[in-house]
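I am opening my notebook on a new structure. I want to note what I look up, one topic at a time.

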Amino acid sequence: MAGFTGEALGKKLLELNNSQQSIQTLSLWLIHHRKHHKTIVQVWFKELKKAKPHRKLTFMYLANDVIQNSKKKGPEFSKEFSTVLSKAFAHVKENVIDDDDKTKNGLERIISVWEDRNVYDSSVITGLRAAIGRSPGRENAKEVARSEKPKKKKVKVLEVEPILKKPREEPVILSPRGDPPDPEELIKALQELENSPSTDAIVREKIARLPPEVSDITLLEKIQTIRAAEKLSKQVEDASSLLTDYNKRLNEELEDRTLVSKMLNNFTHAQRELLAQSERKIEEYKEHLKRVSQVHNELKSHLQNLPDLTLLPSVTGGLAPLPSAGDLFQ
């Protein structure tokens with residue numbers, strides 16, 4: 001997988017949109033590079049302050065997804081984000097347009113979910129609500145959120161909380177207007193997997209050549225001298241270091257393959273949707289062509305049955321040219 005840099009993250013944040021796929025894809029990439037969590041949070045906060053008002057809530061959704069989905073792998077992101085969340089919520093609240101209820105309720109919704117799922121303790125939740133000017137009391141905060149709910153009930157859970165809870169009854173349907181993986185980026189990721197640790201023949205050969213004594217405790221009985229014991233101890237240490245490093249690389253490869261698999265699924269889904277749309281268009285145009293052909297054939301048949309009006313029959317039965325306008329008034 002491509003390496004992490006602050007510049008690369010800045011570019012990805014500029015391309016981030018409010019679709020579930022876009023947020024999930026970038027969230028997985030950030031979690032994969034969690035060892036850079038300090039830089040990630042710094043760049044995220046910097047770009048949040050530079051983003052246009054209507055995009056700021058999307059940044060908050062991204063932070064929420066990273067915080068919640070990285071808990072199983074470590075607390076790095078939740079701790080690091082906690083250092084800037086109050087400033088971030090206050091910044092978004094200060095820059096939100098007065099009648100932008102979606103952003104206001106989106107901020108409160110994120111805080112409520114963190115409270116319900118014990119993502120942060122009560123003191124942090126109280127501080128976040130204070131940052132957006134909401135009552136610290138949970139019931140009061142919910143009452144305010146209900147009172148400020150938009151009149152049009154078009155805000156679904158998927159829109160307000162794109163990553164918090166994925167409804168089972170509403171599977172994610174990608175759209176060509178969404179943000180499927182860039183083909184070049186997908187190809188590059190696949191090419192990098194060709195040189196993955198699982199295909200490292202050199203390391204695998206080293207592991208295969210390890211003496212059986214380093215992994216079989218029953219063979220320790222053969223050790224008769226201190227020198228032999230020290231030699232075996234050195235071999236065990238080397239084997240342990242080799243296997244630890246290789247296992248770490250394999251775990252990273254597993255994460256890379258998981259991310260690439262998701263990219264492939266999203267890309268394939270989007271292409272299938274485009275294909276289905278193209279097939280529907282083809283059928284529509286075939287039907288249209290059929291109707292046009294029918295009209296053409298009917299018109300052609302009708303024209304063949306019309307008399308030749310350029311000539312009129314003469315008194316003698318012969319054909320004579322049509323009279324002119326002057327002849328008609330004589």
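**Entry 1: the whole chain**

I start with a term: a contact means heavy atoms within 4.5 Å. With that rule I looked at contacts in the protein chain with a separation of 6 or more, and residues 24 or more positions apart account for 71% of them.

I must keep in mind that this is a predicted model, where local features need pLDDT of at least 70, side-chain atom pairs count only at pLDDT 80 or more, and totals for chains, interfaces and linings use all residues. Residues are numbered from 1 along each chain as its sequence is written, and side-chain values use heavy atoms, with hydrogens and water left out.

Next I looked up the secondary structure. I found 14 helices and two strands in the protein chain. Helices (H or I, at least four residues) and strands (E, at least two) are DSSP runs, numbered from the N terminus.

Then I checked burial. Buried means under 20% relative accessible area, exposed means over 50%, and partly exposed lies in between (1.4 Å probe, protein chains only). Of the 330 residues in the protein chain, 32% are buried. The chain exposes about 22,000 Å², and carbon and sulfur atoms supply 54% of that area. Accessible areas come from the Shrake-Rupley method with a 1.4 Å probe; for residues, only the protein chains shown count as cover.

**Entry 2: the core**

Which residues have the most contacts inside the largest nonpolar core? I noted Trp44, Met60, Leu62, Phe81, Phe89 and Trp114, in a core of 45 residues. Helix α4 (residues 53-69) gives the most to this core, with eight residues. A nonpolar core is a set of buried Ala, Val, Leu, Ile, Met, Phe, Trp, Tyr and Cys residues joined through side-chain atoms within 4.5 Å.

**Entry 3: salt bridges**

A salt bridge is a side-chain nitrogen of Lys or Arg within 4 Å of a carboxyl oxygen of Asp or Glu. By this rule I count eleven salt bridges.

One of them joins the side chains of Glu80 and Lys38 (3.4 Å, N to O). This pair links distant parts of the chain: Glu80 is in helix α5 (residues 76-82), Lys38 is in helix α3 (residues 37-50), and they are 42 residues apart. Glu80 counts as buried, at 15% relative accessibility. Lys38 is partly exposed, at 48%.

Another joins Glu47 and Lys50 (3.5 Å, N to O). Where do Glu47 and Lys50 sit along helix α3? They are three residues apart, so about one helical turn separates them. An α-helix has 3.6 residues a turn, so residues three or four places apart point the same way. Glu47 is buried, at 12%, whereas Lys50 is exposed, at 57%.

I also looked up Glu205 and Arg209, whose closest N and O atoms are 2.7 Å apart in a salt bridge. Glu205 is partly exposed, at 38%, and Arg209 is exposed, at 65%. Last, Glu108, Glu115 and Arg129 are linked in a network of salt bridges.

Which residues of helix α8 (residues 122-131) are buried? I found Ile125, Leu128, Arg129 and Ala131. They cover an arc of only 155° around the axis, so they are on the same side of α8. The arc is that of the directions from the helix axis to the C-beta atoms. Ser122, Ser123 and Ala130 are exposed on the other side of α8.

Thr126 also belongs to helix α8. It is partly exposed, with a relative accessible area of 34%.

Asn118 is in the loop between α7 (101-116) and α8. It has a positive phi of about 55° although it is not a glycine. Most residues other than glycine have a negative phi. Asn118 is exposed, at 65% relative accessible area.
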